[in-house]
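Dear colleague,

After it come my notes on what was found, arranged by the kind of contact.

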Amino acid sequence: MGEALPFLPTNAVQAMEASTSPSLQGTTWYISGWSGSPVPGSAPITLQFKDNRLMGTAGCNSFNGAYTSSNGNLTIGQALATTRKACAAEVMAQEQKFLQLLAQVKTYSIGNDGQLTLTYLKDGEQGSITFIPASQYSALHNSQWQLVTMGGVAPITNENSQATPQIQFLGDRLAGTGGCNRLMGQFTIDGENLTIDERMASTMMACSEPLMNQEQQFIQALVNAQKYQILTSGELVIDYLAADKTEQLVFLPLTADPQTQG
């Protein structure tokens, strides 16, 4: 028979488990998914854990407070201090919701992909907020763009709203309009490579035939995306495959509503 393993007191076992748990500290975390998409143009929602303090941005204001964590459990103090800026109404609503959910967080986990998941319990229902580390955050995240050319051709506009195709990158979600219908999907980024899930959903409005044809071409271009780059002049360029040929979608940034100081 082999030698008996030495007995370790409970607190020693917990210390060993805590030492091998993935660390919350040492990085800045950017929100990637939750029950509501981040408002485009608002400041990124971020978290940082340092010693026993939590800090970050909630879309408009910075915040800080205390937290405790042990063996995957996470408790964030409800008395979070914030700055006092005033932003657009939708940004402020987002901020209030996010800060309320933080106070309901119960556990955390960090996956093999490096993403952080905070699990909360609110009104008896469980939900989660996911974050990506700073190393995975790109200039596309939390941005919105309007199409300038597709395959070198300027888009026609919607005869009712005069809207041209637009896209927004919100967390890991892609949203926008093809010029007639609202579009929704998911995307992933790996360096300069951009992959947009082919299972893109859209509303079912009917517009003129030229506009509908353009919208289908726009959707097809997005799901065939290969690479992206943001030029020094500010344009977003997405390379996509069309009939075994590389074409380009060119976008200009949409500016956010100005924020006012409180």
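Across the structure there are six aromatic pairs, and please bear in mind throughout that this is a predicted model. A pair of aromatic rings is described by the distance of the centres and the angle of the planes. In the pair formed by F169 and F187, the ring centres lie 5.0 Å apart and the planes stand at 85 degrees, so this pair is edge-to-face. The two residues come from distant parts of the chain, with F169 in strand 11 (residues 166-170) and F187 in strand 13 (residues 182-190), 18 residues apart. F169 is buried, its relative accessible area being 0%, and F187 is likewise buried, with a value of 4%. Elsewhere, ring pairs join F63, F98 and F131 into a cluster.

Turning to charged side chains, the structure holds four salt bridges, and I describe some of them here. One of them brings together the side chains of E192 and K227, at 3.4 Å from N to O. Because E192 sits in the loop between strand 13 and strand 14 (193-196), while K227 belongs to strand 16 (residues 225-230), this pair ties together parts of the chain that are 35 residues apart in sequence. E192 counts as partly exposed at 47% relative accessibility, and K227 is also partly exposed, with a relative accessible area of 33%.

Another salt bridge is made by the side chains of R199 and D197, at 2.8 Å from N to O. Here R199 is exposed, with a relative accessible area of 67%, whereas D197 is partly exposed, at 22%.

Is S138 buried or exposed? With a relative accessible area of 11%, S138 is buried. The side chain of S138 reaches the backbone nitrogen of L140 at 3.1 Å, and, once its neighbours within four places in sequence are left aside, S138 is in contact with I189 and Y228.

With kind regards

Notes. Residues numbered from 1 in each chain as written. Predicted model: local features only at pLDDT ≥ 70, side-chain atom pairs only at ≥ 80, totals over all residues. Heavy atoms only, no water. Buried < 20%, exposed > 50% of the residue type's maximum accessible area, 1.4 Å probe, protein only. Polar contact = N/O pair within 3.5 Å; in protein donor to acceptor, adjacent residues only side chain to side chain. Contact = heavy atoms within 4.5 Å. Phe/Tyr/Trp six-rings, centres within 6.5 Å; stacked < 30°, edge-to-face > 60°. Helix = DSSP H or I, 4+ residues; strand = E, 2+ residues; numbered from the N terminus.
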